[in-house]
Amino acid sequence: MRANDLLEIEERISNLLSQEEKKRGERTEMLKQIQVSIEKRRTLCSELEKEKQKRIDNLNKQKEALKKAKIIALNKENEEIKEKKEQIRKEYIQAIENVNRLELVLSKDMPATVKKIVLMGKEAKKSGFKTLSVAITEHLSEEIRKFIVQSKKVSSNLRVDKLIDLIKGLNRSIALCEDGADKIERRREMYLDGLFADVVEGFTNHFFSQFETNRLDKPEWYLDYLKGIIAEHETIFSVLSQIDELETEEGGIEESVIKEKYFHSLIDWIYGDIIYKKLNECIYSSSKQQKKLIMHHAEELSLFERELFSLYKYKRIEKIPKKEADFIENLFICGIENELHGIMKKDYTQWSDMFMYLLKTTFKKAAALYSIIPDAHAVLLEAAIKKYLDGLTVFLNSFLYQKTEEQAILVHFIEEISHLEEELIDIETEFGILVGEVTILNAPYLGEFKNSMLDILERVLEEKVERAMGPFTDYRFMEKHEEVEALSNLEEVIESELALIETQTLSDWMRSSIAALIDRYISENVLLDSIGEEADVNRAKDIFILIIEILKKNGIQDKLVHSKRKCQELSANLHKVA
């Protein structure tokens with residue numbers, strides 16, 4: 001062997017070693033990135049799990065406290081209070097049965113009260129009420145609701161002890177004119193009904209009218225207004241909770257917990273009858289900025305909810321009604337589909353980058369909508385991915401894959417889908433951090449699509465390998481130059497196929513597939529059972545060694561196990577015959 005040949009071999013070995021070192025470095029870097037991503041997700045899951053456990057422990061403590069409080073309240077209930085309640089109920093029943101004998105607590109001005117009764121009697125006859133007592137009860141209930149609102153308005157300026165006396169007197173009046181109002185929940189409902197009616201009246205004048213404050217693009221205006229209105233109930237709810245704690249079975253529960261019940265009930269009503277109506281104005285508006293209005297509204301609601309939780313520990317369980325949620329999802333999905341149609345009209349080399357940009361904008365929209373539709377990220381992102389994959393499937397199935405360019409396109413998109421899977425993991429993690437909850441993006445059709453495209457690639461690869469391996473079916477009759485030419489063609493096919501691949505994962509798959517196809521072809525089509533000479537088997541082994549060398553040269557560490565086993569079987573059979 002000449003010195004030049006040795007130098008050339010040494011140079012080729014050096015090049016191969018440097019290539020392997022470079023690939024090893026790239027693989028190590030990729031594994032480190034994946035490890036960092038996994039560690040981030042593990043840390044997030046750990047933090048969320050701790051927060052979840054903390055909340056569960058707090059809830060269990062509250063439940064235990066409530067249970068103990070009820071037991072203590074039952075044991076300590078005052079008989080005198082029971083008798084007093086029963087006496088008040090009997091007096092009320094007596095007032096219904098005998099309209100000539102009424103005891104009113106609402107007003108100390110009895111002459112004025114009598115005049116009202118006389119006037120109400122006349123109105124009762126006109127309106128068709130069965131008894132005067134019913135008319136009086138209706139009138140008193142309405143007056144009590146007005147008095148509830150007035151009590152709230154003066155609560156900020158009135159001394160607490162005076163306000164407590166006022167509320168106690170009001171409670172006695174409620175007990176007389178409202179059936180079942182001596183029950184704490186019914187009495188709370190009456191207070192909240194009166195207070196909420198006042199909130200609705202004031203809100204309507206400002207934000208459901210023709211005033212300049214009623215603007216779809218400024219939801220923060222009405223939300224700031226509602227925050228102020230809710231805060232105005234602090235004093236009245238504090239007094240009500242103190243009285244409830246003393247007079248009801250909830251004496252073992254802290255006043256702050258009872259006060260939270262008042263706030264939570266009022267806020268629930270505000271969401272149901274005010275906020276959702278304002279949101280619906282955006283949802284069903286004819287504005288060209290409809291989607292932007294909805295997202296801005298949802299973002300402001302998210303901030304509003306955080307403040308409510310901070311101030312009143314209010315956590316809204318129910319989101320918007322399904323009808324509106326479906327409408328919003330379909331609205332945004334239509335927009336995504338229109339953008340995808342525009343992307344598919346571009347050159348295919350731009351699709352991946354443009355689609356990734358579309359996914360990121362969709363992610364931002366889903367994050368904005370989270371406060372009203374918690375699963376918006378799953379619905380919108382999955383719809384975008386599925387629609388994109390449908391278009392890709394049609395495009396890639398239109399090729400016959402008889403040209404190298406067509407196969408290169410197929411490989412390009414298989415690699416892009418693998419990249420998309422990694423991006424989705426990052427998006428899923430970022431979304432979880434952003435909303436403070438564990439989120440899972442389920443996209444099984446990504447794997448299905450990739451497997452389908454790999455099946456196509458494997459069929460194309462199989463055809464090329466079989467064409468390259470075809471001459472070896474007559475290996476027993478091949479001349480030396482024919483053998484060299486066949487091995488050269490096989491090496492060229494392997495190198496050209498591997499040259500199309502850029503990612504390590506697909507490259508590993510390609511190497512494994514090539515080795516499996518060659519091994520299967522040899523065992524099924526080259527090593528036939530009709531071989532009757534030991535020399536033929538030995539020559540086949542020599543060719544295997546050369547093929548294995550070609551595989552190793554291209555980074556394929558495969559021993560052609562099935563082919564070797566077939567050779568051993570053929571040799572064993574020949575020895576038996578001999």
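**Exercise 1.** Is Trp269 buried, partly exposed or exposed, judged by its relative accessibility?

*Solution.* The model is a predicted one, in which local features need pLDDT of at least 70 and side-chain atom pairs count only at pLDDT 80 or more, while totals for chains, interfaces and linings use all residues. Residues are numbered from 1 along each chain as its sequence is written, and side-chain values use heavy atoms, with hydrogens and water left out. The cut-offs come next: buried means under 20% relative accessible area, exposed means over 50%, and partly exposed lies in between, with a 1.4 Å probe and protein chains only. Trp269 has 28% relative accessibility and therefore counts as partly exposed. By contrast, Phe196 has 7% and so counts as buried.

**Exercise 2.** Describe the aromatic pair that Phe196 and Trp269 form.

*Solution.* Rings of Phe, Tyr and Trp (its six-membered ring) pair if their centres lie within 6.5 Å, and planes under 30 degrees apart count as stacked, over 60 as edge-to-face and the rest as tilted. The structure holds 22 aromatic pairs. In the one formed by Phe196 and Trp269, the centres are 5.5 Å apart and the planes stand at 80 degrees, which makes the pair edge-to-face. Phe196 belongs to helix H6 and Trp269 to helix H9 (residues 255–283), so that the pair links distant parts of the chain, 73 residues apart; helices here are DSSP runs of H or I with at least four residues, numbered from the N terminus.

**Exercise 3.** Work out how helix H6 (residues 184–207) and helix H8 (residues 234–247) are arranged, and which residues meet.

*Solution.* Axes are lines fitted to C-alpha atoms, for helices over the stretch in contact, and angles run from 0 to 180 degrees between N-to-C directions. The axes of H6 and H8 come within 12 Å and cross at roughly 170 degrees. Angles under 35 degrees count as roughly parallel, over 145 as roughly antiparallel, 65 to 115 as roughly perpendicular and the rest as oblique, and H6 and H8 are therefore roughly antiparallel to each other. Contact means heavy atoms within 4.5 Å, and on the H6 side the residues that meet H8 are Ile184, Arg187, Arg188, Tyr191, Leu192 and Leu195, while H8 contributes Phe237, Leu240, Ile243, Asp244 and Glu247.

**Exercise 4.** Which residues does Glu339 touch, not counting residues up to four places away in sequence?

*Solution.* Glu339 lies in helix H11 (residues 322–344), and its contacts are Leu358 and Lys365. With 36% relative accessibility, Glu339 counts as partly exposed.

How values were computed: Helix = DSSP H or I, 4+ residues; strand = E, 2+ residues; numbered from the N terminus.
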